[in-house]
Amino acid sequence: MYRRNLDMLSKIDIQNELGKSICVYPLNLSNIKENSLNLCVGDYAWTTEGGTVYCDEDENDKDKRFMLNSDEKHQKKIHISKNGMTIVENYVLLFPQSTTLIETKEVLSVGNNIGGTYHSKVGLVANGLGHIGTMVGPNFSGDSLIAIHNVSKKMIVLKKGESFVSVIFYYLKTNYTKSNPTVSGHTDKFAELGIRLSQDESEVLNADWKKNFEAVKIKMLESAEYNQLQKILKIQKKNAFVKFFNKKNIFVAVVLIIAVTSIGVLAHTMDLKSGSSVWSDRFWNVFCSGLALAVISPIIRWMINNADK
């Protein structure tokens with residue numbers, strides 16, 4: 001399978017590749033953007049620094065719920081150890097001037113013709129988070145471990161399930177036939193990072209189904225979101241078909257058919273008069289194979305554009 005190198009996938013491309021070369025579970029249709037797929041904060045996150053925070057349990061605004069210093073409202077003291085889990089309730093705490101490692105909620109699986117890059121979201125970068133610079137390689141399957149750098153002097157809070165990173169997909173020029181060596185969630189690097197997983201955490205992050213494209217595919221295909229998408233796509237195709245056969249396009253198609261038929265009849269008539277097949281041969285070999293294609297192709301493109309209006 002050959003394609004032009006670095007063909008970025010649009011929203012339509014991503015939707016069409018779901019279940020073919022891209023699988024995401026759980027699938028959230030609202031996370032499929034114009035030319036990217038958003039991934040959300042999962043259930044696991046670790047801080048490289050740690051520290052003490054104070055919580056106002058009556059505050060629902062995530063940006064006001066936690067503070068680095070106590071006051072009359074923020075009285076609950078919470079200590080988070082270095083290289084420890086930095087999730088409090090349903091919130092991920094990103095300490096100032098430190099790195100936080102976040103496992104995505106979604107399991108992402110791609111085929112041998114797809115590559116990708118992870119990108120920061122503008123709103124988060126504007127608040128003081130550093131840019132993300134890493135890739136998803138062909139044949140990868142698993143959780144994504146995203147390193148978030150808080151370069152500001154304030155604590156930043158993310159909520160579990162909140163989208164925080166975008167993936168842009170590309171078609172590869174040639175298929176990559178080897179298996180991807182990247183371990184799901186990069187759990188193989190945790191020991192050198194000083195992160196210790198409990199048995200339950202290890203079982204969840206290292207689940208066998210996450211490492212297998214077909215297993216991820218089955219879970220996605222059985223999800224309500226995927227089946228909803230298929231219904232939407234069927235309706236869109238039906239609407240596109242109906243829009244194509246509007247009055248203008250039908251008129252152009254009829255005129256085109258009459259014109260081609262008339263030329264064919266004229267060629268046949270001239271052959272009957274001359275007793276040869278010269279004009280019929282010219283009609284089929286010259287007009288239909290060459291001239292007609294040169295004329296009909298632009299007309300068909302015009303009809304498609306006319307249907308989109």
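Twelve of the 13 residues of strand E9 are buried, so this strand is largely enclosed by the rest of the structure. Buried here means under 20% relative accessible area, exposed means over 50%, and partly exposed lies in between, with a 1.4 Å probe and protein chains only. Strands (E, at least two residues) and helices (H or I, at least four) are DSSP runs, numbered from the N terminus. The model is a predicted one, in which local features need pLDDT of at least 70 and side-chain atom pairs count only at pLDDT 80 or more, while totals for chains, interfaces and linings use all residues. Residues are numbered from 1 along each chain as its sequence is written, and side-chain values use heavy atoms, with hydrogens and water left out.

Two strands count as paired if DSSP finds at least two bridges between them. E12 is joined to E9 by nine bridges, and the two run antiparallel; within this pairing Leu108 stands opposite Gly142 of E12. E3 also pairs with E9 in the antiparallel sense, over four bridges, and Thr47 faces Thr100 of E9. E2 makes four bridges to E9, again antiparallel, with Val107 of E9 as the bridge partner of Tyr25.

Two residues of this region can be followed in detail. With neighbours within four places in sequence left aside, Thr99 is in contact (heavy atoms within 4.5 Å) with Trp46, Thr47, Thr48, Ala147, Ile148 and His149. Leu108, with its neighbours within four places in sequence likewise left aside, is in contact with Ile22, Cys23, Val24, Leu37, Tyr118, Val136, Phe140, Ser141, Gly142 and Phe169.

Leu108 also belongs to the largest nonpolar core, which has 42 residues; Leu18, Leu108, Tyr118, Phe164 and Phe169 touch the most other members. Strand E14 (residues 163–171) gives the largest share of this core, five residues. A second, separate core has eleven residues, among them Val53, Ile78, Ile80 and Met155. A nonpolar core is a set of buried Ala, Val, Leu, Ile, Met, Phe, Trp, Tyr and Cys residues joined through side-chain atoms within 4.5 Å.

Strand E4 (residues 51–55) is another mostly covered strand, with four of its five residues buried. E4 pairs with strand E6 (residues 76–80) in the antiparallel sense over five bridges, and Tyr54 stands opposite Lys77 of E6. E4 also pairs with strand E5 (residues 66–67), antiparallel and over two bridges. The bridge partner of Cys55 in E5 is Phe66.

Some loops carry backbone features to check in the model. The peptide bond from Tyr25 to Pro26 is cis, with omega near -5 degrees. Pro26 lies in the loop between strand E2 (22–25) and strand E3 (37–47). Gln97, which is not a glycine, has a positive phi near 50 degrees. The loop between strand E8 (91–94) and E9 holds Gln97, and this residue is exposed, with a relative accessible area of 54%. Asn139 likewise has a positive phi, about 70 degrees, although it is not a glycine. Asn139 sits in the loop between strand E11 (134–136) and strand E12 (141–150) and is partly exposed, at a relative accessible area of 26%.

Last comes the chain as a whole. The chain has nine helices and 14 strands. Its radius of gyration is 29 Å, well over the 19 Å that the globule rule gives for 309 residues, so the chain is more spread out than a compact globule. This radius is taken over C-alpha atoms, and the rule is 2.2 Å times the number of residues to the power 0.38. The C-alpha trace spans about 105 × 45 × 35 Å along its principal axes. Of the 309 residues, 40% count as buried. Among contacts in the chain with a separation of 6 or more, 76% come from residues 24 or more positions apart. The chain exposes about 17800 Å², and carbon and sulfur atoms supply 55% of it. Accessible areas come from the Shrake-Rupley method with a 1.4 Å probe; for residues, only the protein chains shown count as cover.
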